[in-house]
Amino acid sequence: MRRCIRDLVALSTLPAGWQNYDMRQIGASIVAALISMLDADFVFIALPGHGNQFVTELARSSPKLDPANLQRVQKKLQQERATLGSGREFIIADVSGGSDLRVMTAPIGFGGDATLAAGSIRHTFPTRTEKLLLNTGANQAAIAFQQWLGDAEKRRFAAL
């Protein structure tokens, strides 16, 4: 319980450091924080880019997942992108020496154009606490991204 509260407080204080960050830096910060908080083997964030393209961040913390398996996981997440925004849980079979990878996703914002996903080979993943932390991270990201977009519009208007 103490760890959960500590992690929730840490997630809620992240935006204080994002004052001059762009969307990519905010996403990288969330990925770095959630890797350790969730004890995840990977955290993936898909951020909206120009047009319909995505800027993607992928990080890993477990040496059990080699780069080839991470590419396989990333490809699967990109294939599932249309349904990831709804917040899902699924399993990617035989990722690491016969182990299955359990994945959970959370939409970032209401538009469904950004997604946060985490995965682990632990059989207990995700717990209710881990779901709460991932959703809190997604909510913090949504607020930060909206604020960043609003600030960008203000700067553009001031430039005119």
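The dialogue below takes up the overall layout, the helix packing, the cores and some individual residues.

Modeller: This is a predicted model, in which local features need pLDDT of at least 70 and side-chain atom pairs count only at pLDDT 80 or more, while totals for chains, interfaces and linings use all residues. Residues are numbered from 1 along each chain as its sequence is written, and side-chain values use heavy atoms, with hydrogens and water left out.

Biologist: How many helices and strands does the protein chain have, and which pattern does it follow along the sequence?

Modeller: Helices (H or I, at least four residues) and strands (E, at least two) are DSSP runs numbered from the N terminus. The protein chain has five helices and five strands, and their pattern along the sequence is α-α-β-β-α-α-β-β-β-α.

Biologist: What percentage of the residues of the protein chain counts as buried?

Modeller: A residue is buried under 20% relative accessible area, exposed over 50%, and partly exposed in between (1.4 Å probe, protein chains only). Of the 160 residues in the protein chain, 42% are buried.

Biologist: What share of the contacts in the protein chain with a separation of 6 or more comes from residues 24 or more positions apart?

Modeller: Contact means heavy atoms within 4.5 Å. Among contacts in the protein chain with a separation of 6 or more, residues 24 or more positions apart account for 50%.

Biologist: At what angle do helices H1 and H5 pack?

Modeller: Axes are lines fitted to C-alpha atoms, for helices over the stretch in contact, and angles between N-to-C directions run from 0 to 180 degrees. Angles under 35 degrees count as roughly parallel, over 145 as roughly antiparallel, 65 to 115 as roughly perpendicular, and the rest as oblique. Helix H1 (residues 2-13) packs with helix H5 (residues 128-159) at about 10 degrees, their axes being 10 Å apart; the two are therefore roughly parallel. H1 contributes Cys-4, Asp-7, Leu-8, Leu-11 and Ser-12 to this contact, and H5 contributes Thr-129, Leu-132, Leu-133, Thr-136, Gly-137 and Gln-140.

Biologist: Are H1 and H2 roughly parallel or roughly antiparallel?

Modeller: Their packing angle is about 180 degrees, with axes 11 Å apart, which makes H1 roughly antiparallel to H2. Arg-3, Asp-7, Ala-10 and Leu-11 of H1 meet Leu-34, Ser-36 and Met-37 of H2. The residues of this contact divide into four nonpolar, one polar and two charged.

Biologist: Which residues touch the most other members of the largest nonpolar core?

Modeller: A nonpolar core is a set of buried Ala, Val, Leu, Ile, Met, Phe, Trp, Tyr and Cys residues joined through side-chain atoms within 4.5 Å. The largest has 30 residues, and Leu-34, Leu-38, Val-43, Ile-108, Leu-116 and Leu-134 touch the most other members. Helix H2 (23-37), strands E1 (42-48), E4 (99-107) and E5 (115-120), and H5 each supply at least two residues of this core. H2 gives the largest share, eight residues. A second, separate core of 14 residues includes Phe-44, Leu-70, Val-95 and Leu-101.

Biologist: Is Phe-44 buried or exposed?

Modeller: Phe-44, in strand E1, is buried, with a relative accessible area of 3%.

Biologist: What is the phi of Asp-39, and where is the cis peptide bond?

Modeller: Most residues other than glycine have a negative phi, and most peptide bonds are trans. Asp-39, in the loop between H2 and E1, has a positive phi of about 50 degrees although it is not a glycine. Asp-39 is partly exposed, at 45% relative accessibility. The cis peptide bond joins Phe-125 and Pro-126, with omega about -5 degrees; Pro-126 lies in the loop between E5 and H5.

Conventions:
Nonpolar A, V, L, I, M, F, W, Y, C, P; charged D, E, K, R; others polar.
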